[in-house]
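Q: Could you walk me through how to read a few local features here?

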Amino acid sequence: MNPEDRSTLRRELRERRRALPATTRITAADSLADRLLALPFFDGMPVANKAWVAGYWAMDGEIGLHAFQMRLPAALAYCLPILHGDSLRFAPWAPGDALVTNRYGIPEPDVAADCALEPRDMALVVLPLVGFDASGHRLGMGGGWYDRSFAFRHAQEPPPLLVGAAFDVQCVPALVAHAWDVRLDAVCSERATYLAGDRT
């Protein structure tokens with residue numbers, strides 16, 4: 001796929017998710033939470049000490065994570081990403097905590113990025129998607145933030161576990177992977193869970 005094709009695909013998939021009605025979005029967020037919490041990864045999560053789980057602030061029609069956040073086990077602390085240089089860091093956040101808007105207009109916790117958690121500190125990261133395929137290839141917004149932040153995953157096994165979240169209408173037959181793309185461990189939509197190329 002050439003760059004022009006990826007740009008066109010991004011535009012089409014963003015339009016698809018924006019077109020979903022509010023009632024569909026609410027129901028989908030609840031179903032997504034069910035699927036995320038049913039992942040086998042949660043069986044191995046630490047319970048004695050606090051573990052960090054990163055999500056995102058849904059923008060531009062992205063599927064919401066509010067239901068997932070509210071249902072996380074007590075031993076897991078929910079974090080949001082913070083821009084730091086050309087990569088991401090993460091900070092704990094709960095409803096009511098202070099937020100600031102970054103240069104892309106996305107809310108993030110009001111903490112100093114230098115004091116935030118490193119990507120390696122996360123146990124699980126739920127990433128927003130523009131598109132995905134059943135093999136775990138992800139199409140993002142094109143800025144490379146997650147690929148740069150988790151590039152160390154090319155040389156090591158998890159953690160952190162990387163799980164994409166999207167509406168099922170964002171699934172495409174196949175995406176061409178580039179050398180810098182960090183492959184996901186799973187993708188969850190409101191209708192399906194995709195693990196290692198298998199749809200369940």
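**Charges, rings and contacts**

A: Helices (H or I, at least four residues) and strands (E, at least two) are DSSP runs, numbered from the N terminus. Before going on: this is a predicted model, where local features need pLDDT of at least 70 and side-chain atom pairs count only at pLDDT 80 or more, while totals for chains, interfaces and linings use all residues. Residues are numbered from 1 along each chain as its sequence is written, and side-chain values use heavy atoms, with hydrogens and water left out.

Q: Is Glu-62 buried or exposed, and which side chain of opposite charge is nearest?

A: Buried means under 20% relative accessible area, exposed over 50%, and partly exposed in between (1.4 Å probe, protein chains only). For charges, Lys and Arg count as positive and Asp and Glu as negative; His and the chain ends are not counted. A salt bridge needs a side-chain nitrogen of Lys or Arg within 4 Å of a carboxyl oxygen of Asp or Glu. Glu-62 is buried but has no salt bridge, and Arg-17, the nearest side chain of opposite charge, is 4.1 Å away.

Q: What is Glu-62 in contact with, leaving aside neighbours within four places in sequence?

A: Contact means heavy atoms within 4.5 Å. With those neighbours left aside, the partners of Glu-62 include Arg-17, Arg-25, Tyr-56 and Trp-57.

Q: How many aromatic pairs does the structure hold?

A: Rings of Phe, Tyr and Trp (its six-membered ring) pair if their centres lie within 6.5 Å; planes under 30 degrees apart count as stacked, over 60 as edge-to-face and the rest as tilted. There are 7 aromatic pairs in this structure. Take Phe-42 and Phe-68: their ring centres are 6.3 Å apart and their planes are at 75 degrees, so they're edge-to-face. This pair links distant parts of the chain, with Phe-42 in the loop between α2 (22–37) and β1, and Phe-68 in helix α3, 26 residues apart. Tyr-146 and Phe-150, on the other hand, are stacked, at 6.4 Å centre to centre and 10 degrees between the planes. Those two also belong to one aromatic cluster with Phe-90 and Phe-152.

Q: Which charge lies over the face of Phe-152?

A: The test is NZ of Lys or CZ of Arg within 6 Å of the ring centre and within 35 degrees of the ring normal. Arg-120 lies over Phe-152, 4.1 Å from the ring centre.
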